[in-house]
Amino acid sequence: MDLNESAEEQAFRLEVRAFVRDQLPVEIRDKVLKFQHLEKSDYVTWHRILGARGWGAPTWPKEYGGTGWSGVQRVIFEQECMEAGAPRLLAAVNMIGPILMRYGTPEQQAYFLPKTRDMDIVWCQGYSEPGAGSDLASLRTRAERQGDHYVVNGQKIWTSLSLWADWVFALVRTSSEGKPQEGISFLLIDLNTPGITRRPIRMINGSMEFTEVFFDNVNVPASNLVHEKNKGWSVAKHLLVHERSAQADIGLCKRMLRRLKEVATTCLKRGRPLIEDQRFRDQVVRVEMDLLAHEWTLLRVLSMIANKRDPGPETFVLKLGATAIVQKASELLMECAGPDALPYVAEALHEGWQGDLPNALEIHTLAANYFDWRRISIYGGTSEVTKGIMSKMILGL
Amino acid sequence: MDFNLSEEQLMLADTVQRFVEQEYEFEERKKLARTDRGYSELHWQTLSDIGLTGLLVPESFGGMGAGPQEALIVMEALGRGLVLEPLLSTAFVAVPLIARHGNKAQQQLLLPDIAQGRLRLAIASLEPEARFDLWQVATEARPQEGGRYLLQGRKTVVIQGDSAQQLIVSARTSGNSSDKDGITLFLVDAKAMGVTVKGFPNIDGHHSAEIFLNNVAVDGSAVLGEVGRGYEPLEWATDRGIAALCAEAVGTMAKLFDLTVEYLRTRKQFGQPIGRFQVLQHRATDMLVAVEQARSIALLAAARVDNPDPGSRRKAVSAAKSVVGRNGRFIGEQSIQLHGGMGMTDELAAGHYFKRLNCIDMTWGDSSHHQELYGDVM
Ligand SMILES: Cc1cc2nc3c(=O)[nH]c(=O)nc-3n(C[C@H](O)[C@H](O)[C@H](O)COP(=O)(O)OP(=O)(O)OC[C@H]3O[C@@H](n4cnc5c(N)ncnc54)[C@H](O)[C@@H]3O)c2cc1C
């Protein structure tokens with residue numbers, strides 16, 4: 001056992017930290033730290049900055065133009081970026097990249113990987129449907145083979161960032177025989193194909209980057225099928241297992257806690273910073289202590305990965321840990337605002353708005369941010385479903 | 001003790017419930033909330049016609065002469081529909097304040113108009129540096145010749161402040177900015193010279209206002225109650241408002257709970273209603289307990305809010321506000337969670353109920369503030 005970060009790890013951490021400090025545009029950073037809505041261009045800009053440094057695809061091996069970093073390095077990288085206020089890397093790179101490397105044809109790899117890495121294609125993930133959320137295998141969007149293409153009909157929902165995306169990687173039904181999981185295929189679909197319509201969904205925090213995607217007799221070249229027909233479920237599963245440690249969201253947790261301390265220092269209670277109020281301080285302390293435990297759980301998982309042991313479903317502890325920390329921090333942040341949490345200034349959620357606010361701009365985003373973070377216990381598998389899987393897979397119950 | 005409603009109370013509950021059913025269909029409400037005013041003048045008049053603006057106005061001034069129990073019945077029913085009309089400040093805070101502490105002339109001038117639905121008031125009590133402390137008053141009232149005063153200061157997040165024609169302003173006539181002594185209440189015309197009202201929609205569709213008072217001249221007749229002794233009446237009247245707000249929250253929670261249980265019955269995953277999953281059954285029963293505890297403690301607040309023993313009143317009202325705040329948040333969060341992705345949208349009612357519950361918690365002292373006030377008198 002050696003409970004210290006190695007000299008190389010430390011050097012790497014400092015390198016990333018300095019890079020982000022020097023290169024992340026201040027306007028983007030401020031939007032992230034103040035919980036304002038980001039534009040597509042913010043994500044693309046940051047991605048291109050990383051790309052110029054050769055860091056555009058942190059989870060990819062070198063031969064595909066990635067960084068070739070170890071699991072530990074990836075986590076350090078993610079943490080330093082997120083903590084400093086960088087936008088999240090768009091789903092595309094970390095998700096579809098590894099899938100295409102493992103299951104894609106040489107043609108698919110040659111076409112999509114460079115464009116994905118360079119952000120010439122923005123992807124979204126089309127799994128969920130109105131009737132298929134937790135029970136994903138019951139999905140009904142159909143793809144029927146006709147000659148050299150598939151005809152797709154159906155509907156996807158909750159497709160994050162689909163308003164901006166160029167392509168969707170989707171799970172579609174290609175057979176109704178056998179177990180539901182056995183009739184699903186993994187298909188790459190150009191969102192500009194005729195027959196596709198997107199309806200934006202207004203979310204609880206006022207954001208609009210989600211859509212419902214409708215497919216009406218959409219022609220998709222058969223060459224866009226990934227892996228074999230009816231083997232899409234295992235492709236999707238591979239993706240879920242890949243990068244489980246990312247679910248620790250350690251950078252996000254740290255950023256939220258730091259923001260909480262900052263805001264609790266500027267907000268006053270009886271003339272003193274709120275953070276000095278014992279009642280409030282205790283709650284912040286608790287979040288910080290939980291975060292320490294969370295961080296060390298992550299380190300244990302990383303050490304398993306470094307020793308080539310599969311941490312398996314135990315990593316779900318990380319997902320639940322992050323959920324609790326992020327939700328509590330966002331709640332306390334809203335409480336900092338006190339009565340000022342009430343006014344809803346939609347414009348405060350967007351950059352560059354100079355209107356006349358009752359209070360400092362960053363106060364008026366705190367309530368919306370609290371509502372928004374309810375999502376962390378829903379997306380990517382709800383907490384209830386996660387716990388169900390854990391009790392089966394880990395405890396054998 | 002009898003928790004059953006009397007015949008008149010039943011009728012009252014019924015009338016309000018009917019209003020909510022007829023006028024507050026969810027999509028209609030959503031449209032109304034997005035208008036500039038944020039509520040309907042027509043609804044306001046209807047509410048007045050069925051006696052709600054004058055519910056607490058003494059009969060001698062054209063009101064119904066009712067008390068905190070009727071306020072509870074009405075507000076619970078309004079809470080179920082997320083009603084937007086700005087009744088709270090006028091009917092449940094300003095009226096008791098004027099009826100108990102106003103002089104005859106003020107009562108004559110204001111109460112009949114309120115009962116008729118012609119006048120709305122807001123309580124301009126909180127200030128930017130004060131968080132939830134009603135006693136932190138930096139707004140100054142400087143005495144002038146002829147018994148007049150000049151008001152100078154800023155009031156923040158004044159609930160329903162943008163639709164009020166008259167404001168009840170707490171201002172300091174003596175002492176320093178966190179003394180309970182030396183606070184005086186003034187009736188101020190919202191259109192008076194030097195008054196600036198900047199209205200904002202809140203996250204729940206209700207409205208509040210920032211109010212700037214810049215050398216606002218008022219006559220001595222604008223003083224409500226006694227000079228320098230405005231704190232006690234303000235705290236009591238705000239407590240009346242808090243008790244009413246707790247009742248509203250109970251209605252909001254109960255309705256949100258119903259919506260959630262309905263969703264558990266109808267939403268199917270894995271070939272069965274999600275309500276079959278034991279974890280969700282247990283969650284729903286936790287929510288049920290939270291609703292019922294909130295209901296009980298809101299009744300306690302209504303029972304004690306006029307108690308002459310200030311400690312007893314403080315405990316009941318603060319306990320109610322604190323429990324309601326906490327339970328409201330629990331029910332809101334769980335309701336979103338049990339609705340899954342649907343819960344995260346603006347399109348479903350659940351999110352709107354959740355937001356209202358959070359706003360109620362942040363109005364006139366959040367859960368933790370009232371825990372502190374309770375602790376001070378325990
Ligand atoms: C912010 C956000 C982003 C998302 N992004 C994407 C995306 O990019 N692409 C995509 O495909 N999808 C996306 N989703 C969809 C997400 O994966 C689903 O919302 C999630 O899987 C839950 O499905 P559902 O919403 O249908 O809820 P339901 O499955 O209907 O769940 C409702 C409730 O029932 C509970 N429940 C369901 N089954 C069980 C069970 N067996 N045992 C106990 N409890 C159960 C759930 O925990 C939940 O509380 C996103 C969702 C959100 C909120």
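Which residue forms a salt bridge with Arg314(B), and how far apart are the closest N and O atoms? Glu235(B) does, with the closest N and O atoms 3.0 Å apart. The views below come from a predicted model, in which local features need pLDDT of at least 70, side-chain atom pairs count only at pLDDT 80 or more, and totals for chains, interfaces and linings use all residues. Residues are numbered from 1 along each chain as its sequence is written, chains are lettered from A and ligands numbered from 1 in the order in which they are written, and side-chain values use heavy atoms, with hydrogens and water left out.

**View 1**
Arg314(B) pairs with Glu235(B) in a salt bridge. A salt bridge here is a side-chain nitrogen of Lys or Arg within 4 Å of a carboxyl oxygen of Asp or Glu. The pair links distant parts of the chain, 79 residues apart: Arg314(B) sits in helix α9 of chain B and Glu235(B) in helix α7 (residues 231-266) of chain B. Helices are DSSP runs of H or I with at least four residues, strands are runs of E with at least two, and both are numbered from the N terminus. Arg314(B) also meets Asp239(B) in a salt bridge, at 2.8 Å from N to O. Asp239(B) lies in helix α7 of chain B, 75 residues from Arg314(B). Arg314(B) and Glu235(B) are buried, and Asp239(B) is buried too. Buried means under 20% relative accessible area, exposed over 50%, and partly exposed in between (1.4 Å probe, protein chains only).

**View 2. A salt bridge between chains.**
Arg279(A) forms a salt bridge with Glu372(B), with 3.7 Å between the closest N and O atoms. Arg279(A) lies in helix α9 (residues 278-306) of chain A and Glu372(B) in helix α11 (residues 367-377) of chain B, so the pair joins two chains. Side chains of opposite charge can pair when their charged atoms come close. Arg279(A) is partly exposed, at 33% relative accessible area. Glu372(B) is buried, at 12%. Both belong to a network of salt bridges that also links Lys269(A), Arg270(A), Asp277(A) and Asp133(B). Over all chains, the whole structure holds 55 salt bridges.

**View 3. The ligand and its shell.**
The ligand lies between chains A and B. Which of the 28 residues around the ligand come nearest? They are Gln125(A), Ser134(A), Ser160(A), Thr382(A) and Arg267(B). A residue counts as near if one of its heavy atoms lies within 4 Å of the molecule or strand in question. The shell divides into 13 nonpolar, 12 polar and three charged residues. In this count, Ala, Val, Leu, Ile, Met, Phe, Trp, Tyr, Cys and Pro are nonpolar, Asp, Glu, Lys and Arg are charged, and the others, Gly among them, are polar.

**View 4. Ligand atoms and their partners.**
A backbone N or O atom of Gln125(A) lies 2.7 Å from a nitrogen atom of the ligand. A polar side-chain atom of Ser128(A) lies 2.7 Å from a ligand nitrogen atom. For Ser134(A), a polar side-chain atom is 2.6 Å from an oxygen atom of the ligand. The protein covers 92% of the 960 Å² of accessible area that the ligand has on its own. Accessible areas come from the Shrake-Rupley method with a 1.4 Å probe; for residues, only the protein chains shown count as cover. Elements giving two or more residues to the shell are β3 (149-159) and α12 of chain A, together with α8 (278-304) and α9 (310-339) of chain B.

**View 5. Two residues with positive phi.**
Most residues other than glycine have a negative phi. Met119(A), not a glycine, has a positive phi of about 65 degrees. Its place is the loop between α6 (106-117) and β1 (123-126) of chain A. Met119(A) is buried, at 4% relative accessibility. Lys308(A) also has a positive phi, near 60 degrees. Lys308(A) is in the loop between α9 and α10 (316-337) of chain A. Lys308(A) is exposed, with a relative accessible area of 77%.

**View 6. Met342(B) in its loop.**
Met342(B) is in the loop between α9 and α10 (349-361) of chain B. Met342(B) is partly exposed, at 26% relative accessibility. Met342(B) and Asp306(B) are 36 residues apart in sequence and 43 Å apart in space, C-alpha to C-alpha.

Technical notes: Polar contact = N/O pair within 3.5 Å; in protein donor to acceptor, adjacent residues only side chain to side chain.
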